[in-house]
Amino acid sequence: MRIIRFLDSAGLIHYGADQLDGTALRIQGDILANYSVTHEKIPVKKLLAPIVPPAIFCAGLNYRKHAEESGKPVPKYPILFMKNIAALQNPNDPIELPKKLPSSEVDWECELAVVIAKRAKNVAKENALDYVLGYTCANDVSARDWQSKWGGSQWCRGKTFDTFCPLGPAIVTTNDIPNPGSLRLQTLINGQVLQDSNTSDLIFDIPTLIEFLSGSTTLLPGTIILTGTPAGVGVAMKPPRFLHPGDTATIRIEKIGDLSNPVIAEPV
């Protein structure tokens, strides 16, 4: 099933089962607990990020070819950072290039995002997927200058500006994606394919990430895990290429769809 979160014509927020025709069947109840799909068909006025998570955990340097293009060794353990919840952005709403804390090196990163369905702690990778509601597309937008030069050796400043976590368009549940370890994922900038890979290139697969992240740590229901980006980021190009106002960034993942966002300068 494709679960979407959306506004109706009256401005009310709903969860629904996407019907792919501009409508959704309203979902009643809690999508992370007990819910049912009703027969009430509602026109979708605006798509929203499919969930507002309690936390956004992110894996860095988690594709082999991305590690190669970055000139860095394959990590022994997953590299972890987090994004501010306020960085969340809806499909079709703009990525804002920072002006108050200016960046001229804002990059794209297509990522498969995992949605945790239930409270998870000390989960074994053998049953880790039992804790997953489904998967969606994410763009781990990154200000490389703040990430590498001005962030005090930490990544959070460059990764967590407002609008730097577009998410969507839908959560595709695990019954429709039983094997997240073999999905094609791409980034298109203004229609040009710049990242084109497969989750089979992950260094730490999704069950391993869940086992690691839940070790001595509670993952609350609704937690999002960004699983890393493949080769093809702008900072690794020769010469480097970054986002500019007027661009459109599209994340495309097999079985999930397209997450597109225009790029603008931050209104200040």
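A patch here is built from residues with over 30% relative accessible area and no salt bridge, joining like charges within 9 Å and nonpolar side chains (Val, Leu, Ile, Met, Phe, Trp, Tyr) within 5 Å. The model is predicted, with local features needing pLDDT of at least 70 and side-chain atom pairs pLDDT 80 or more, while totals for chains, interfaces and linings use all residues. Residues are numbered from 1 along each chain as its sequence is written, and side-chain values use heavy atoms, without hydrogens or water.

Select Tyr77, Leu80 and Phe212: together they form a nonpolar surface patch with about 310 Å² of accessible area (Shrake-Rupley method, 1.4 Å probe, only the protein chains shown counting as cover for residues). Tyr77 sits in the loop between helix H1 (64–70) and strand S7 (79–83); helices (H or I, at least four residues) and strands (E, at least two) are DSSP runs numbered from the N terminus. Tyr77 counts as exposed because its relative accessibility is 51% (exposed is over 50%, buried under 20%, partly exposed in between).

Next, select helix H4, residues 206–213. Six of its eight residues are buried, so H4 is largely enclosed by the rest of the structure. Those buried are Ile206, Pro207, Thr208, Leu209, Ile210 and Leu213. Their cover includes strands S6 (56–60), S7, S11 (110–116), S12 (132–139) and S17 (224–226).

Finally, go to Asp8, in the loop between strand S1 (2–7) and strand S2 (13–18). Show His14 as well: a polar contact of 2.8 Å joins the side chains of Asp8 and His14 (N or O atoms within 3.5 Å; within protein, one able to donate a hydrogen and the other to accept it, and residues adjacent in sequence counting only if both atoms are side-chain atoms).

Definitions and conventions. A salt bridge is a side-chain nitrogen of Lys or Arg within 4 Å of a carboxyl oxygen of Asp or Glu. Buried means under 20% relative accessible area, exposed over 50%, partly exposed in between (1.4 Å probe, protein chains only). Contact means heavy atoms within 4.5 Å.
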